[in-house]
Amino acid sequence: MSGRLEAKVLVVTGGTQGMGLAFAQRAAAEGASVVIGARDKDRGEEVAAQIRKAGGDALFVPTDVTVEEEMARLVDSAVSEFGRLDGAFNNAGGSPMASVRDADSADWHRSLALNLTSVFYGLKYELPAIIASGGGAIVNNASVSGVKGDATQAAYNASKHGVIGLTRSAALDVARSGVRVNALVTGLIDTPLWQNVVNQAPSTAERYLSVQPTGRAGTSDEVAALTTFLLSDEATFISGASIAIDGALTA
């Protein structure tokens with residue numbers, strides 16, 4: 001099946017589960033060559049093999065997004081394998097839950113490294129590669145937590161707010177270079193991370209669901225659909241935007 005991403009070369013971090021996996025599968029089904037970066041080598045190789053078995057084009061590169069050299073290698077691998085880079089979905093993230101008073105410094109630095117510094121490393125190497133390839137687009141996965149806030153996720157809130165600001169700065173920096181940079185303000189999405197909350201802290205899960213205007217979590221496929229549009233040539237005048245996909249939570 002071909003589609004809006006046909007013939008594009010795209011990098012996706014955190015592409016072995018949840019939103020990253022859903023996007024990688026959709027992009028490959030639409031005809032893109034997908035380069036997946038994640039830490040779990042066995043899972044990554046399996047995902048890439050499944051995509052290829054379904055007729056898609058995928059490469060897995062073991063990547064710790066918090067390590068600059070590994071993010072540089074991920075981008076270099078895409079260019080070396082496919083000759084160029086047209087776009088990226090900087091999706092990897094996560095965080096322990098703790099308030100300002102309860103979080104320790106290790107949690108703080110770990111969250112910023114995983115959610116914010118990783119996006120900086122991605123942009124640092126993706127932008128020159130995409131410019132050299134003739135232009136394209138990047139989508140960074142932020143969160144409603146970076147807009148709305150949550151007393152129990154201080155470090156995560158701060159890091160995702162930083163992603164929104166970094167997205168805007170990057171978009172302005174390359175506005176005349178043929179590259180667009182946008183952020184997703186994702187709400188509650190049904191991913192393996194969410195299922196862990198459901199299983200391990202059902203009262204917390206109930207609290208989050210109780211404030212959802214739609215009464216449900218979003219799906220990874222819904223996020224993949226929006227990401228596909230933003231990385232396609234149908235969104236050429238959208239840049240520097242933080243676009244909510246949260247079921248009206250921040251409306």
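Tutor: Let's start with a term: on a 1 Å grid over the protein atoms alone, a cavity is a set of points where a 1.4 Å probe fits but cannot get out, and lining residues have an atom within 4 Å of a point. This is a predicted model, where local features need pLDDT of at least 70 and side-chain atom pairs count only at pLDDT 80 or more, while totals for chains, interfaces and linings use all residues. Residues are numbered from 1 along each chain as its sequence is written, and side-chain values use heavy atoms, leaving out hydrogens and water.

Student: Which residues line the largest cavity?

Tutor: Its lining is made of T13, V65, M71, N90, N91, A92, S118 and V119. By class, four are nonpolar, four polar and none charged.

Student: And what lines the second largest cavity?

Tutor: S95, P96, A98, A103, D107, A154 and A155 do.

Student: Why is E46 called partly exposed?

Tutor: Its relative accessibility is 48%, and partly exposed lies between buried (under 20% relative accessible area) and exposed (over 50%), with a 1.4 Å probe and protein chains only. So E46 counts as partly exposed.

Student: Where is E46 found?

Tutor: In helix α2, residues 41-53; helices are DSSP runs (H or I, at least four residues), numbered from the N terminus.

Note on methods: 1 Å grid on protein atoms, 1.4 Å probe; cavity = no way out; pocket = protein on both sides within 12 Å on 5 of 7 lines; lining within 4 Å. Nonpolar A, V, L, I, M, F, W, Y, C, P; charged D, E, K, R; others polar. Helix = DSSP H or I, 4+ residues; strand = E, 2+ residues; numbered from the N terminus.
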